[in-house]
Amino acid sequence: MNLDKLIGRRLLTKELDDKSVKDLPFVNTMPAMIKINGEYKCMRCDSLIDKGTKTFDPIRKKYFYYCDNCIQMNRVDSDEHLFHIKEEDVLREAPTDKILTWKGKLTPGQEKISNELLETYQKREDLLVHAVTGAGKTEMLFAVIAQALKEGARVGIASPRIDVCLELFPRIEEAFSTTDAQLLYGGQTEDYRYTPLVVATTHQLLRFYQAFDLLIIDEVDSFPYAYDPSLNFAAKNVVRTDGCTVFLSATPNAQVMSDVASGKTKRTILSARYHKHALVVPKFIFSNKLRETINDGSIPRSLAKNIEKFRQEKWPLLIFCGEIKLMEKLEKILNKKYPGEIKSVHAGSSDRKEIVEEMRRGEVKILLTTTILERGVTFTGVNVIVLESNHRVFNSSSLVQISGRVGRKVERYDGEVLFIHDGVSEAMKLARKEIVEMNNLARKERLIG
Ligand SMILES: [Zn+2]
């Protein structure tokens, strides 16, 4: 068996191609579950085991429990073990080739963060980079990744979102073309191999252990990472005791901010976009009886007027809706008026990727969506309408991310964000306040004109 699979990772017996490696002196064995106060706990994901998982194994003629929290990464049983080879037992030579093959140039704002990252990495301190939407986060990471690789370190870049990983990996490969890198996500067919540079979904971190000298987690406030304590546990476990973590977010959540408040994590802010123009500030538009009007088969006046205006200007339009039912009704009505121009997507749409591509190519002019497209997508020149922006699904982070879809490209660095509502919510006020404050900060720091 290729022992590389075990370096800096923890695998179950069923994940070993050759079971005899278990007996090798440098392979560490640890129980996959431990019993504390009569309760089993999964050592891979830190979850307490549900007693309902008790199962009888007719072959071994005994009962066992299993972890249903991390079951998607192969089942952990109560009598299983995890096998691991320590990362530091591997002799790694520092690379001699030029590591950073990226030829671009950083903006002054990006450069400031890039230098801070180098400094905190040297001290092995954790850092939260709070960078506005469209700041150009990836480029700011290149210098610190290059420095770590130069020292012979192993670097992990993780995101809860598979689409972020898929988009990031080719850019990382291009920027570090002399370094062996690998992309890991659920359901892929390619075999795992040891690489000094790893891009992975946060779920894949569950298989690593004390592996990375530098771990970077992008979109740290997004689903599922922000809502799953076992992924937070995994992220801590994969960083070596003398390593550090960089958190990236445009909208850090309470959990990340509490680590900042307690001094555990430092924070730095990048208030400006890479193109040095301000973030677009949302406009609030009051509209009475929005829902009733759509349910009656008509388009609310405020919506109709703005759709027509954006169509005349020939820019694409994203309309965010709080509920699928209402979105589908609106789609029907709009389709009658503008046949062939409208489509919609939500989490359950099987053709989501294709529709997003059609929107990118300009074949779809108006795309109706749920919060599923609140982040991770860029449509050049797009305007945004949030319908029922006071709906409870739109929290302030969501509204900041949605507003951040507009003006991302230098070809059209402005545009419009309209919050159509029937009563201003706290989240709307907070989102607008955050955007205005970031613009003020960017002006003060002279990062935007
Ligand atoms: Zn587990």
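Biologist: If a disulfide is a pair of cysteine sulfur atoms within 2.5 Å, how many disulfides are there?

Modeller: Zero disulfides. This is a predicted model: local features need pLDDT of at least 70, side-chain atom pairs count only at pLDDT 80 or more, and totals for chains, interfaces and linings use all residues. Residues are numbered from 1 along each chain as its sequence is written, and side-chain values use heavy atoms, without hydrogens and water.

Biologist: Which residues are the protein donors of the zinc ion?

Modeller: C42, C45, C67 and C70, each through SG, at 2.2 to 2.4 Å. Donors are N, O and S atoms within 2.8 Å of the metal (3.2 Å for Na, K and Ca). Their spacing along the chain is C-x2-C-x21-C-x2-C.

Biologist: What geometry does the zinc site have?

Modeller: Tetrahedral, with angles of 100 to 114 degrees among the four donor atoms. The rule wants all angles between 85 and 135 degrees.

Biologist: Is C45 buried or exposed?

Modeller: Buried (under 20% relative accessible area; exposed is over 50%, 1.4 Å probe). C45 is at 1%, and C70 is buried at 1% too.

Technical notes
Disulfide = S-S within 2.5 Å. Tetrahedral: all angles 85-135°; square planar, octahedral: opposite > 155°, others 65-115°.
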